[in-house]
Each structure stands twice: as structure tokens, then as C-alpha cells.
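Please read the following report alongside the sequence and the coordinates. It begins with charged pairs and then turns to the chain as a whole and its surface.

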Amino acid sequence: MNNTTIYIILILLFPLAGFLINAFLNKNLPGKISGIIGSIAVFVPLILSLIIFINLKKNIPAQTIYLSQWIITGQINIPFEFLIDPLSVLMMLVVTGVGTVIHIYSIGYMHSDNRIHTFFSWMNLFIFFMLILITGANYLIMFIGWEGVGLCSYLLIGFWFKNNEFNYAARKAFIMNRIGDLGFLIALFLMIINFETLSFNNIFTAHHILSQDTKTITIITLLLLVGAVGKSAQIPLYTWLPDAMAGPTPVSALIHAATMVAAGVYMIVRSNLLFRFAPLTMDLIIIIGITTALLSATIALYQEDIKKVLAYSTISQLGYMFLALGLGAYSSAMFHLTTHAFFKALLFLAAGSIIHALNGEQNLRMMGGLAGKLPVTFITFLIAALAISGIPPFSGFFSKDQILLNTFNCCPSLWIFAVLGSILTCIYIFRVFYLAFYGEYRGNSPDNHDDEDIIKPDKDISALHESPLIMTIPLIILAVLSLAGGFINLPQIFGGNNYLDNYLAIESAETGIDDTTEYFLISTTVIVVLIMIIIVWFRYTSKPAQGPKVITEMNFIEKMVYNKFYVDELYRFLFEKPYDFLSEKLLPTIEKGTIDKTVNSAGTLSLTLGSLARKIQNGNISFYILLMTLAAIAFLAINVFIL
Amino acid sequence: MTEHKIISAIQVVPIEYYIIMCFALFSIGLLGVLFRRNTIIILMCIELMLNSVNLLLIAFSAYHSDPAAQVFVFFIMVVAAAEVSLGLSLLVMMKRNINSIDVNELNKLKW
């Protein structure tokens, strides 16, 4: 057993131990201790991942760690094995790094919740499954993690289970994910049939199948894509993610922004050697990616709930990652995944800090003028907003720029759409920024309560206070990462050496763009985005007291966007209504007529037979003996005369 | 010598006679068990059935000159003695509890 094996076992065991301790000791621990245990259970894996990162030698980049046998039947042998290579180490660092910060933040955010132990145990369970997903060396291990994170996502979305809306949101997320998981599962079966193995090493080296059987590979990759689309909330399975914002904000930051939703991207990057042989799937990924990016960015423009805006923003950024994947720019996708994990987690945590200060208020209508009251939140949110908008030198600039360049390299018309998406990004994020931090505080104006079901106690602006240090320090850490994260993959034209690209060493599509064009493209994007920020600034700060537009003032198109293009309603009409209709039609015939009747008559039959047979037991001893004698004679007769 | 005489005396009567007599005894016992209500009579009838089987065993044993069955009969008699003592104690309990020795009175244990 070498060191790496021990490290990987410890990396997996620590979050599991954290889960078990918090789950079983539960209320016996003080809330703070439980939070500290939870944070340590993620922090130690971070340290170990760093050690693995340092130890990972350039010349032996991939190590398969075999733990034990698992499934052996006939030709198929699926062991319990883990893979340590640059890709999984990068993901481990992102998950444990962002995870640690968010866990520490949660100690402050959840301190007044009396189920804080349960919260931390589920968070640790999530980290455990996420690490299994990342480090698994075959698709089945990956699938264990894949399902596990889905479960934790479900549990944590419905964490405040007393609100039924939240429970429905959790169920929706679970069911939507199940559709994707079905695709993934069928892909696994097809791989077993065609490759007779599920190990990454064996599948990706089976060149005789890969290069010849294009049809099979296309089907497998399409099914894998269905799985990725479900998990990463892309069209058409994206509607669960905005609803998933029902969970506590740290959950949204960790699961629904930084890590779990990126699992689909990770899975495709991991399977890039399969996707290479399926150009059809790649084109489909491009279409899904760019459509999702634009559609959800548009919806984000008109949302009132601060977390919903961020949720649509996440979907949109994941769309960018898919775009990069479809173009074959795998390391750009991983780069954007990493920087996105930093700045989106930061956005969510900063939003959480606002929500915390406003006693759970999430509506942008009730915010405004918070800049002076929440200075740390204000500055960190600004950094994250600049990062997501792609302003140099923030991290989002470099990663998004790489994707844009790759897009231009493929097809300039697509580049225009991608730039449009990044313009929308900066509009919606700065809209939130100005609405929350500038203008006048609207939380205590009575006109804004008209359409609220529950009227929250008004808070005076003077009563607002910045979050405690345990919440602001994580914000600052993430702000530094969002600021500097881009430098891990500084492109050549800025004097860097594409460290991440070289580190991951995944064959990516080459951008054959010369430096002049590249400068031109970058400056165009940046200038357009800067202009848009200024326009948004004037739009939302010219009339200080104004909140978001009220629905009655909107025109038709605005209403469409406000109602999220009625996609939920469309799905209800397309799937739920026919299902309900079918159920109601089948209720009298199939359910009541066939199934119920069969089951009930089985019961009646045994009752009838029983009431006949019990006549024999009449309590008369002589009768029993008579029967016994007759039976004995009968058996004797059978023995003698028949046998 | 005397032993041999006994066996030959037994063998004078054909085996069929023994079988028929034992069958008759057994049937009488069985019918008694089935149709009598007095528990003492039932116990006696059970003994009758047992002894008819014993008799048959000894008859066959004599005809085949095989003493094993005779040893076996002694065992059965010991068991029968134990069984009778058990049956009689049950009878006493029955008399004490329901003040009757009619088996048809014991019909409470039914559906």
C-alpha cells in the first residue's frame, strides 16, 4: 500500500466520518462543535489533495488505485478502484477547497437553526459522494457518487421541510435528475455490452471499437449527454435548478453552483476520448450549450429573487462550459468550471450574507442601499460580479475569454451569440448589484408588501449589520480566489504559459488565431461589457427609489421573460397533464377493475376455503381419531394398491 | 427342548388364524376408541389395540424362529405401562376439572 492509496482512503473516510459523527451524535453536540467537525472533515481532505497534487509526478500522470474486487461475473470484472490523474486532482482541489470555505461559512449562517447537526452531516455526506464521483476509476464507481450527490441534493433542498413548496422543489430536482440518470445507466449497460468493462483505462484504449463502431459510440455518448444534461441543468432538464434555491444558501453555493452541477461537465471531460469519436454528439452539445446560456441569461434579467437570478446565471455559465465541451476545448471547460466555482460560490455566499442581514428576505424589491451597511459583502460581491462579467484581470475574464476564442475559431457567427450571452451576463449581474447595494433601502416601504403572502417584519435600515467574521472571512478567501484564479491558466498573449492546459494535458482543439485577432476580439468583448455596465448603472441608479419593474407595467415580451418563458407550464402541459389524464382513464378499468379485483379475490378465496376447512375442527375427539384412522387407511391403501 | 416344543405347538395353528384374530382384536379396540364416550373404556381399548399388535409380533416371531420380535414386545409393554399411568392421571385431572369422564364433554378447543 503506497502513500497515495492511504491518502485517497483518508480523503474518502474523513467526510464519511464527519457524516457519521454528526448523524449519530446529533443533538448531543453543541451546534458550533458540529460545524467545526463538519469543516475539519472537509479541510483534511483538502490538505491531502494538496499533498497528492504536489506528489503527482509529471512523468506518471495517472495512477489507478485498486482497493478490492467488487463485481465479477463471466467476462465482466468491475473492481473498486480509484483514479488519480491531473483531472481528478483538480476537481478534488476545487470540491474540497470551495467545500471547506462554504462549511466554515455555514457555521455562521446556520448557527440559529436547531437542525444544524443534520445540516452538517448531509453536507459531509455530499462531499463524500462528490469525491467518490470524482476519483472513481470506472463508470460504476462514478455512478455511485453520481446518485449519492443527487440524494444529498434532494435532502438539502428540502432541508426546511416544514414548507411544502420546498419539498416539492426537492422532489422536482430528484425526479428531473432521475431522467438524466436513466440515460447514464443505459449508457453503462451499453458499455458493458460493447466493451465488456467499465474501467476508464480499458474503454479509452479499446481503439478497435472506438474507431470502427461510430454508431454505438454515438448512442453511448448521447446517453451520457442525457445524464450530464440532467445533472448540469441544461436544456431541456434545467427547470429543477432555479427551484432548488429553496435550500439554505450554503447548499446553493456548494451543490447547485460550484460542485454537483459541474459533475456533468466533469463526466464529459473524463469521457472525452469517447466523445471525440462522436461528432454528432459534439454538435448537439454546442447547440444545447449556447441555447441554454442565452435562454437562462435572458430569464435571469427579470427575476426578482436574488437567488433565482444567481441560479439562472449558474445554468447560463454551465451552458458556456458545454459550449466549450462541444467545441472540443476540454481544458477551457475545466478552467471555466474552476473559476466559476470560485466566483459563483462567492456570489451565493455574498447573497447569503445579504439574506442573513435581512432576516431571510430574498426579494430584490426589498433591498437597496446596502452598500454602506454591508461593506465586506459589497466589495466581495463586486469582485464576483466583475469576475462573472469577464473584466480583466478577474478570473472569469480569462476562462470565458478562452471559451470565446475557441468559439471564434470554430465559427464566428457562434461567437456573436456567445458574446451576446456575456453581455446579458453582465447586465443581469450588475442589475442585481445595483438593486441590492445602491439606491434607497426599500425594505420598509409599505407599497412593496402588496403582493406578498407573508408580511415579514419591517427592518429599519439602521438595524442592518454586517455578518460576523466567520461568514466574512470565507467571502474574502473566495474573493481572493475569484480575483487571482485566472492566473492558473494565463494565456500566452498575456505572458503566461497556460499552466492548467499543460497540467491537465488533455488533447484540446487548437486555436489557430493569431495574436492581433485575439487582441481585437478580447478588447471588443471587454469594451462592450464595460459599456453595458455603465448603461445598467444609469438605468438602475438614475431613479434611486425604484425597484424592479412591477409586472403590471411590463409589455408582452417582458412578461414572457418574467414568467421564465412558461417552460414549467409547458412541461406541465406536455407531461403532467397527459399523465394525469391517462391515470384517470385507467383508474376504473386497470386499477380498480383488474389489479384490485385480482388482489381482493385472492383474499376472498382463502377466506372461503378457510371457512369450509374449519368445520373439520369441531372439538370432538372421536371425530379427530376417526379422521386420523381414515387417513391412515387411505395412505395404506395408496401404498398397497397404487404404488 | 421344551422351547422347541412350544414353537412347534404354536406352529400347529396356521398363521392366517393368528392374523385374523389379531385383526379382529385390533378392530374391536379401534371401534371402541372411536365410538365409546367413557374415557376408561377408551384407554382400555387402546391397550387392546396395542396387545393385538404384540400378539401378532410374537406369532410372526415364532413362525420365523426369530427372537428379536419377542424382545421388542417387552419394550412395547414397558412403554404401554407408562402410557397407561399417564392416561389414568389425565383421567383423574379430567374428573376433577369437569366432573365427568365423557370425552365428548371436552369439546371446548375448536374454532
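## Salt bridges and overall build

Arg365(A) and Glu304(A) form a salt bridge in which the closest N and O atoms are 2.2 Å apart, a salt bridge being a side-chain nitrogen of Lys or Arg within 4 Å of a carboxyl oxygen of Asp or Glu. This pair links distant parts of the chain, since Arg365(A) sits in the loop between α16 (330–357) and α17 (375–389) of chain A and Glu304(A) in the loop between α14 (279–300) and α15 (306–326) of chain A, 61 residues apart. Helices (H or I, at least four residues) and strands (E, at least two) are DSSP runs, numbered from the N terminus. Arg365(A) counts as buried at 7% relative accessibility, and Glu304(A) counts as buried at 11%; here buried means under 20% relative accessible area, exposed over 50%, and partly exposed in between, with a 1.4 Å probe and protein chains only.

The model is predicted, so local features need pLDDT of at least 70 and side-chain atom pairs count only at pLDDT 80 or more, whereas totals for chains, interfaces and linings use all residues. Residues are numbered from 1 along each chain as its sequence is written, chains are lettered from A and ligands numbered from 1 in the order in which they are written, and side-chain values use heavy atoms, with hydrogens and water left out.

| Pair | N to O distance |
|---|---|
| Arg365(A) and Glu304(A) | 2.2 Å |
| Arg178(A) and Glu147(A) | 2.5 Å |
| Asp85(A) and Arg270(A) | 2.8 Å |

The pair of Asp85(A) and Arg270(A) also links distant parts of the chain, with Asp85(A) in the loop between β2 (76–84) and α3 (86–109) of chain A and Arg270(A) in helix α12 (residues 263–270) of chain A, 185 residues apart. Asp85(A) is buried at 12% relative accessibility, and Arg270(A) is buried at 7%.

In the salt bridge between Arg178(A) and Glu147(A), Arg178(A) lies in helix α6 (residues 164–195) of chain A and Glu147(A) in helix α5 (residues 139–157) of chain A, so the pair ties together parts that are 31 residues apart in sequence. Arg178(A) is partly exposed, with a relative accessible area of 28%, and Glu147(A) is partly exposed as well, at 21%. Glu147(A), Arg178(A) and Asp181(A) are linked in a network of salt bridges.

Turning to the whole chain, chain A has 25 helices and 2 strands, and its C-alpha trace spans about 105 × 65 × 50 Å along its principal axes. Of the 643 residues of chain A, 55% count as buried. Among contacts in chain A with a separation of 6 or more, 79% are between residues 24 or more positions apart, where contact means heavy atoms within 4.5 Å.

Ser199(A) lies in the loop between α6 and α7 (200–204) of chain A and is buried, with a relative accessible area of 7%. When its neighbours within four places in sequence are left aside, Ser199(A) is in contact with Glu81(A), Ala137(A) and Asn138(A).

At the other end of the accessibility scale, Leu643(A) is exposed, with a relative accessible area of 72%, and is found in the segment after α25 (621–642) of chain A.
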